[in-house]
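Open the model in your viewer and keep the selection tool at hand.

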Amino acid sequence: MNVVANVLVGIVALIHLYIVVLEMFLWTTPRARASFGTTEEFAKETATLAANQGLYNGFLAAALIWGLIATGSTAWQFKIYGLACVIVAGLYGTATASKKIFFVQVVPGTLALIAVLATG
């Protein structure tokens, strides 16, 4: 079960690393605009805000990655903390920005959390 939990945590971390790249470095590109449903003008006007948001997603990914490389109770604690933050941020994003966030962030985070709790 620990392998499954770690794979799920890794997937959630990778999702957030991808979001970091989209928000911090590709925000004004057609690819990122299509992902987030923004116009070119809006993307240009909000690039700094998106980069800040991307940085926060990087912190979420960092907590999860630390949970994967740490040992003992530290690993478990970082996974729980990181996944709880992912889920809360995803629920807020779902309520305020896009329902798609529920499926991209909340569902994978919840599945990973259940798996990690099962190993605890």
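**Stop one: the largest pocket**

The lining of the largest pocket divides into 20 nonpolar, 13 polar and two charged residues (Ala, Val, Leu, Ile, Met, Phe, Trp, Tyr, Cys and Pro count as nonpolar, Asp, Glu, Lys and Arg as charged, and the others, Gly among them, as polar). This is a predicted model, in which local features need pLDDT of at least 70, side-chain atom pairs count only at pLDDT 80 or more, and totals for chains, interfaces and linings use all residues. Residues are numbered from 1 along each chain as its sequence is written, and side-chain values use heavy atoms, with hydrogens and water left out.

The volume of this largest pocket is about 900 Å³. A pocket here is an open set of points on a 1 Å grid over the protein atoms alone, where a 1.4 Å probe fits, with protein on both sides within 12 Å along at least five of seven lines; lining residues have an atom within 4 Å of a point. The volume is the space filled by probe spheres set on the points, which are joined across faces, edges and corners.

Select Glu23, Phe36, Gln53, Asn57 and Ile101: of the 35 lining residues, these are the closest to the pocket centre. Next, colour α1 (2-24), α2 (30-36), α4 (47-69), α5 (72-96) and α6 (100-119), the elements that each give two or more residues to the lining. Helices are DSSP runs (H or I, at least four residues), numbered from the N terminus. The most comes from α4, with nine residues.

**Stop two: α1 and α6**

Now show α1 and α6, whose axes come within 8 Å and cross at roughly 150° (axes are lines fitted to C-alpha atoms over the stretch in contact, and angles run from 0 to 180 degrees between N-to-C directions). The crossing angle therefore makes α1 roughly antiparallel to α6 (over 145 degrees; under 35 is roughly parallel, 65 to 115 roughly perpendicular and the rest oblique).

Select the α1 side of the contact, including Leu8, Val12 and His16, and the α6 side, including Val104, Pro108 and Ala115; contact means heavy atoms within 4.5 Å. By class, this contact has eleven nonpolar, five polar and no charged residues.
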